[in-house]
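Please take a look at the model below, and then let's walk through its residues, pockets and overall build.

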Amino acid sequence: MALYKTLTVNKATKVLIWKIEESTSKLQEGIVLSKNSTTRLNSMKSQLHQRGFLSIRHLLKEAGYTDADLIYDEFGKPHLKNGKFISITHSFTFTAIIVSDKFHVGIDIEKQREKILKIAHKFTPFEEYKTIANVDALISKLTIVWGAKESLYKIYGKKKLLFLHHIYIEDFRFADEKTTGEIRYNGENTAYNISFLEFEGFTCVFAY
């Protein structure tokens, strides 16, 4: 089984990343799905989505949980029955979870792709990044910013936030592998820590 990476963020928080290399049938071994999860799995037409769904259940198992411990609210945000915090992400051949005993958390994995250059203006003030001449570096930076905003959006957990107007990411250097971000909405500002890492053409960002 392909547990790719485990990160200890702090005493209360852990990130687990899975590289999907197994078949669907192989991933079904060793885990028990609830009736609802089995229905969801069977409704998925894409093998990649099925494998992503199953690999997340293996990550839950690695973290000491089962499929039955995971519940979703009316906005589709995942929760753990014991009241601890969780966030989930899937992109192509990677999945990840972040679990925390005491912090609200969000996580996102994105494949680094050139198409982000075309949509950048929709989620960030693009002028801030025009000094980056290297296209690969620009793609990398924008992917981190998108992942950071996606992570904060997941923490908030409701559908009203706009990436461009309500979520702000402090500028950063690649070498720092961290920054901060804020949700500014309804007259309230809430700050979060953000960390990021890159591997095999993917970017993982998580917030807490």
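Asn186 is exposed, because its relative accessible area is 65% (exposed means over 50%, buried under 20% and partly exposed in between, with a 1.4 Å probe and protein chains only). The model is a predicted one, in which local features need pLDDT of at least 70, side-chain atom pairs count only at pLDDT 80 or more, and totals for chains, interfaces and linings use all residues. Residues are numbered from 1 along each chain as its sequence is written, and side-chain values use heavy atoms, with hydrogens and water left out.

**Positive phi in two loops**

- Asn186 sits in the loop between strand E9 (178-185) and strand E10 (188-199); helices (H or I, at least four residues) and strands (E, at least two) are DSSP runs, numbered from the N terminus.
- The phi of Asn186 is near 55°, which is a positive value in a residue other than glycine.
- Most residues other than glycine have a negative phi.
- Phe92 also has a phi near 55°, a positive value in a non-glycine residue.
- The loop that holds Phe92 runs between E5 and strand E6 (94-100).
- Phe92 counts as partly exposed, since its relative accessibility is 34%.

**The largest pocket**

- The largest pocket holds about 510 Å³ of space.
- On a 1 Å grid over the protein atoms alone, a pocket is an open set of points with protein on both sides within 12 Å along at least five of seven lines, whereas a cavity is a set where a 1.4 Å probe fits but cannot get out; lining residues have an atom within 4 Å of a point.
- Grid points are joined across faces, edges and corners, and a volume is the space filled by probe spheres set on the points.
- There are 24 residues in the lining of the largest pocket, and those nearest its centre are Tyr72, Gly76, Pro78, Ile88 and Lys154.
- At least two lining residues of this pocket come from each of helix H3 (47-62), strand E5 (85-91) and helix H5 (135-156).
- Sorted by class, the lining of the largest pocket has ten nonpolar, seven polar and seven charged residues.
- In this sorting, Ala, Val, Leu, Ile, Met, Phe, Trp, Tyr, Cys and Pro count as nonpolar, Asp, Glu, Lys and Arg as charged, and the others, Gly among them, as polar.

**The second largest pocket**

- About 160 Å³ of space lies in the second largest pocket.
- Its lining residues include Phe92, Ile119, Glu110, Lys111 and Trp146.
- Strand E7 (106-111), helix H4 (116-123) and H5 each give two or more residues to the lining of the second largest pocket.
- The class count for the lining of the second largest pocket is four nonpolar, two polar and four charged residues.

**Residues in helices**

- Leu48 belongs to helix H3, and with a relative accessible area of 28% it is partly exposed.
- Beyond its neighbours within four places in sequence, Leu48 is in contact with His90 and Phe92, where contact means heavy atoms within 4.5 Å.
- Ile119 is part of helix H4 and counts as partly exposed at 32% relative accessibility.
- Ser140 touches Phe174 and Glu198, leaving out residues up to four places away in sequence.
- Ser140 and Ile116 are 24 residues apart along the chain, and their C-alpha atoms are separated by 9.5 Å.
- His165 lies in helix H6 (residues 163-166) and is partly exposed at 48% relative accessibility.

**The whole chain**

- The protein's secondary structure comes to six helices and eleven strands.
- The radius of gyration is 17 Å, close to the 17 Å that the globule rule gives for 208 residues, so the protein is as compact as a globular protein of that length.
- That radius is taken over C-alpha atoms, and the globule rule is 2.2 Å times the number of residues to the power 0.38.
- Along its principal axes, the C-alpha trace spans about 50 × 35 × 30 Å.
- Of the 208 residues, 45% are buried.
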